[in-house]
Amino acid sequence: MTGLKNAGGALIARLTSALQKHPRRASAALAAVLLTGGSGAFAVANLGPDPADLPVRTLTEPVASLAQGHDLAELTDLQAFSLYRNETTRGNDTAESLLQRLGIADPQAAAFMRSNEAVRQNVLSRAGRLVSAETTADHQLTALTVRWAPDEDGTFRRLTVERVDGKLQTKIETGKLTASPRLAGGVIRSTFYAASDAADIPENVSMQMADIFEGQLDFRRGLRKGDRFAVVYESLEADGEPLRAGRVLSTEFLNNGKAHQAIWFQEEGRKGSYYTLDGKSLQQAYLSYPVEFSRISSNFSMRLHPIQKTWRAHLGTDFAAPTGTKVRTVGDGTVSFAGVQNGYGNVIFVEHANQHTTVYAHLSRIDVRQGQHVDQGDIIGAVGSTGWATGPHLHFEFRDKGEQRDPLTIAQITDSAKPISKSARATFDKQAAQMRIELDAGTQSVAVASAR
């Protein structure tokens, strides 16, 4: 009897330990015993009434037919619908490849686009243009619209291909771009340009931010992992569709715990500029880089000349970039020469204040003429390999009273921008307060997103 008690006690102890360690399994086991154990000794009682005893009521109501009064042929039109799709043109587009990406199977439309001069000139092999298409249910083209902004004059072009009385025809119209503000931001993980790409910030907006903080931040080597930024910029839209980005309206950069802020402000009758939120001008006399998103392939120093194979002073800076990359003037000035000159190939000379001159050489094209006034940041040509060049790049020089100086030091030259006038100060303070709210929202949302 003592042995039986001991065995029972051991069994109870083991069961207690199992319940403590595995309560869910024990509950499941108990439920199984209650439902199936003891040869049906336990059952779950249904306390509700038997469904068979409930009263049954049948309601009958006439419903009018949607097809009443229509012939069968008319009803087939109810199934007709249109399909819509958007795309962006590519530099190697043909009529067939573009229509295929749009989901259009229409040989007649493809043949028309190949033969139409307006389409060939403005759509095919033109990269970055916004396309929207409407098709029938069987993927036949109804209408195709292409929008782009060829100039900086605030307008856009709209080319339409549409079917009228069974025949395709085109027309080109001009519309006015509308601007709306956009807020974006990001966190530095590797480089600023990688972070801005990850945040879907347009390239020209990123470049504007680098220009704005030119004298304060080194966007190529001086940023740290974890730095945050926010920017409010103009989104230029055509018929409600974002076409390209415009000017940066305000921006903030948190670098190593220090905040750098800027806001665009333009007084009536004066040239606009960027200021800190307390009204200090950020305008620099010159930009450091005349080419967007390039790398320096040769500095201002002694080097082995790539063609003459002799060591000689390189009195400028070379920026490697693909042919066709836009070249901009680094400061306000007047074009003193635009043409071909010896080893420079296609070259532009711009005269600035204080007897300063900048030189832009080896261009593939020239977009300005001699005597023309240019403002800082204006596009004046494109990268090429004309003259004594072994590959596409921009040769850039900065001259002070005719003597070459290192171009990478010109950003240190300050501008004599006038401060905000007393009459415009109230307007500026109101605008700065509004931008402060928007930038705070941007930096906070970036901080929350990066913490996840």
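Which residues do ring pairs link into a cluster? They are Phe-192, Tyr-193, Phe-229 and Phe-253. Keep in mind that this is a predicted model.

**The chain as a whole**

The chain holds nine helices and 23 strands. Of its 452 residues, 38% are buried. The accessible surface comes to about 26,500 Å². Carbon and sulfur atoms account for 52% of that surface. Now take the contacts between residues at least 6 apart in sequence: 60% of them join residues at least 24 apart.

Look next at S7 (residues 228–238) and S8 (residues 241–255). These antiparallel strands are joined by 10 bridges.

**Aromatic pairs**

A pair of aromatic rings is described by the distance of the centres and the angle of the planes. The chain has 13 aromatic pairs. Two of them are set out here.

| Pair | Centre to centre | Angle between planes | Arrangement |
|---|---|---|---|
| Phe-229 and Phe-253 | 5.7 Å | 15° | stacked |
| Tyr-360 and Phe-396 | 5.3 Å | 45° | tilted |

Phe-229 lies in strand S7 and Phe-253 in strand S8, so their pair ties together parts that are 24 residues apart in sequence. Phe-229 and Phe-253 are both buried.

The pair of Tyr-360 and Phe-396 links distant parts of the chain, 36 residues apart. Tyr-360 sits in strand S18 (residues 356–361), and Phe-396 in strand S22 (residues 393–400). Tyr-360 and Phe-396 are buried as well.

A charge can also meet a ring. The charged end of Arg-247 sits over the ring of Trp-264, 3.9 Å from the ring centre.

**A closer look at Thr-135**

Is Thr-135 buried or exposed? Its relative accessible area is 4%, so Thr-135 counts as buried, the cut-off being under 20%. Thr-135 belongs to strand S2 (residues 130–135). Leaving out residues up to four places away in sequence, Thr-135 touches Phe-81, Ser-82, Leu-83, Ile-104, Gln-140, Leu-141 and Thr-142.

How values were computed:
Residues are numbered from 1 along each chain as its sequence is written. This is a predicted model: local features need pLDDT of at least 70, side-chain atom pairs count only at pLDDT 80 or more; totals for chains, interfaces and linings use all residues. Side-chain values use heavy atoms; hydrogens and water are left out. Helices (H or I, at least four residues) and strands (E, at least two) are DSSP runs, numbered from the N terminus. Buried means under 20% relative accessible area, exposed over 50%, partly exposed in between (1.4 Å probe, protein chains only). Contact means heavy atoms within 4.5 Å. Two strands pair if DSSP finds at least two bridges between them. Accessible areas come from the Shrake-Rupley method with a 1.4 Å probe; for residues, only the protein chains shown count as cover. Rings of Phe, Tyr and Trp (its six-membered ring) pair if their centres lie within 6.5 Å; planes under 30 degrees apart count as stacked, over 60 as edge-to-face and the rest as tilted. A charge sits over a ring if NZ of Lys or CZ of Arg is within 6 Å of the ring centre and within 35 degrees of the ring normal.
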